[in-house]
Amino acid sequence: MKRTAFRLQPVLELRRTEERAAAAAAAQAASAAADADRRATDYETSLATAVLPRSLPAGQFLAAMTLLRTAATDAADARALATATAEQSELVRAQWTAAAQRTKGLERLRDRHQEAIQHAEDAAEERAVDDLVTGRAGRTTAPGEVSWTE
């Protein structure tokens, strides 16, 4: 018996390709988010460990305070970028999840299709066996042969 093909197989393959691409994008976005977080943490750590000398002339004090203010602004910008990158990473991960759900739905359809084909093949085989059995019982007995129904 010829097995019927799953007609949505090309769509399923496309969905699998989309899911793999989404997984790669999610991994890249997660890596970018982790890198941005690490850079922001480095900025914050270097800012927290900065120490001003006890006494400075006025010009050097203003220069040091300007440098610290710039470092604080850089740290805040890095943290904002890390937050935005993490949010973007979550969006990309959600797209990957949606792609995986679409793929899973088609895989379930394919599995049901295969189960239906297997069920049809099993039923056809049972009918063939039944036909063999009922065909033998309907035949006349040969001379000298005793039927089990007599």
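The side chains of Arg16 and Glu13 are joined by a polar contact of 3.2 Å. A polar contact is a pair of N or O atoms within 3.5 Å; within protein, one must be able to donate a hydrogen and the other to accept it, and residues adjacent in sequence count only if both atoms are side-chain atoms. The model is predicted, so local features need pLDDT of at least 70 and side-chain atom pairs pLDDT 80 or more, while totals for chains, interfaces and linings use all residues. Residues are numbered from 1 along each chain as its sequence is written, and side-chain values use heavy atoms, with hydrogens and water left out.

The protein chain has two helices and zero strands. Helices (H or I, at least four residues) and strands (E, at least two) are DSSP runs, numbered from the N terminus. Helix α1 has 40 residues, which should span 58 Å at 1.5 Å a residue. The expected span is 1.5 Å times one less than the number of residues. The end C-alpha atoms of α1 are 58 Å apart, which agrees.

Arg16 is found in α1. Its relative accessibility is 22%, so Arg16 counts as partly exposed. Buried means under 20% relative accessible area, exposed over 50%, and partly exposed in between (1.4 Å probe, protein chains only). Arg16 lies 83 residues from Ala99 in sequence, yet their C-alpha atoms are 8.2 Å apart. Leaving aside neighbours within four places in sequence, Arg16 is in contact (heavy atoms within 4.5 Å) with Gln9, Thr103, Glu107 and Arg110.

Several residues of α1 are buried, among them Leu12, Ala22 and Ala40. Ala33 and Ala36 also belong to this buried group. Thr85 lies in helix α2. Thr85 counts as buried because its relative accessibility is 17%. Its side chain reaches the backbone oxygen of Leu81 at 2.7 Å.

Between α1 (9-48) and α2 (58-138) runs a loop that holds Leu52. Leu52 is partly exposed, with a relative accessible area of 32%. Together with Phe61, Leu62 and Met65, Leu52 makes a nonpolar surface patch of about 360 Å².

Across the protein chain, buried residues make up 15% of the 150 residues. Of the contacts with a separation of 6 or more, 88% join residues 24 or more positions apart. The chain exposes about 11500 Å², and carbon and sulfur atoms supply 58% of it.

Terms used: Patch = residues over 30% accessible without salt bridge, like charges linked within 9 Å, V, L, I, M, F, W, Y side chains within 5 Å. Areas by Shrake-Rupley, 256 points an atom, 1.4 Å probe, with all protein chains shown as cover. Salt bridge = Lys/Arg side-chain N within 4 Å of Asp/Glu carboxyl O.
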